Amino acid sequence: IGLIIVASMSQEHSSPSVASQVQAKLGATKAVCFDISAACSGFVQAFSLADKLEAYYRNGYAIVIGAEKMTNLMNWKDRSTCVLFGDAAGAILVQANGHSAIIQESLACDGNQGAAIVAGGTSLARSVSSDSYYQDPSLKMKGRQVYDFATRQVPKQIEAVLKSANLTINDIDYFVLHQANARILKVCQRKLKIPEERLVQNIQNYGNTSAASVALVLNELRKSGALKLDGSQKILLSAFGGGLTWGTCIVNC
């Protein structure tokens, strides 16, 4: 193992990183390790990074992890938010083979909408703002703004990535979208005309698990035998979250 990247917005320590702790547990002493914070789009962005850092695992593997303990961030009196989230972790093992597994991708951020999802207000936040919205350490979300953003930007980005790759909806075996909200998934499916059986949904089982959700869907596809990992399939990963950030990539699997 030459590289470990952990995507998380709910890690309990600023240092050591979660990736460093994973390295210690695995005994992967040669691995370069770091965390990234891109909220719910973190797993897609971490995978994109790993794909570009193959020099660090040229003769081996990278591990990409999405791990969240969202219950640490909840205000349990805010029933409009706390009931939506769950705790989970998922990982993929990436083997170096000398060329990119990503056929096409697009990563984006609109920091002007950052206030739509805020969590983890610290003493620093209290010193620079008197607004209780930023001071409160629990997660706060402007649901309508996030919904409007996701249903507008995610289909648009997926269409653009497919066009750049000279592919169509029918060329993709499975669409693995961040499991934020069943209604958002339904809107994306309708706008893009994705066959229902190719847009996997498991939010009803786990809730919104932030950076872990894409990995959980991949795991279910693998366990069911739908995901073969023999190079014969094309999978589209797409996620969005705090920042506001969003990212889409098409992967040869």
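Predicted model: local features only at pLDDT ≥ 70, side-chain atom pairs only at ≥ 80, totals over all residues.

Tutor: The sulfur of Cys109 is 13 Å from the closest cysteine sulfur, that of Cys40, so the pair is too far apart for a bond. A disulfide here is a pair of cysteine sulfur atoms within 2.5 Å.

Student: How many disulfides in the whole structure, then?

Tutor: The search finds zero. Cys40 is in no disulfide.

Student: Cys40: buried or exposed?

Tutor: Cys40 counts as buried because its relative accessibility is 8%. Buried means under 20% relative accessible area, exposed over 50%, partly exposed in between (1.4 Å probe, protein chains only).

Student: And Cys109, buried or exposed?

Tutor: Cys109 is at 52%, so it counts as exposed.

Student: Switching topic. Which residues form the positive surface patch?

Tutor: Arg152, Lys156, Lys186, Arg190 and Lys191. Patch residues have over 30% relative accessible area and no salt bridge, with like charges joined within 9 Å and nonpolar side chains (Val, Leu, Ile, Met, Phe, Trp, Tyr) within 5 Å. A salt bridge is a side-chain nitrogen of Lys or Arg within 4 Å of a carboxyl oxygen of Asp or Glu.

Student: Which helix gives the largest share?

Tutor: H6, with three residues. Helices are DSSP runs (H or I, at least four residues), numbered from the N terminus.

Student: Where does Arg152 lie?

Tutor: In helix H5. Arg152 counts as partly exposed because its relative accessibility is 37%.

Conventions: Residues numbered from 1 in each chain as written. Heavy atoms only, no water. Areas by Shrake-Rupley, 256 points an atom, 1.4 Å probe, with all protein chains shown as cover. Lys, Arg positive; Asp, Glu negative; His and termini not counted. Charge placed at Lys NZ, Arg CZ, Asp CG, Glu CD. Helix = DSSP H or I, 4+ residues; strand = E, 2+ residues; numbered from the N terminus.
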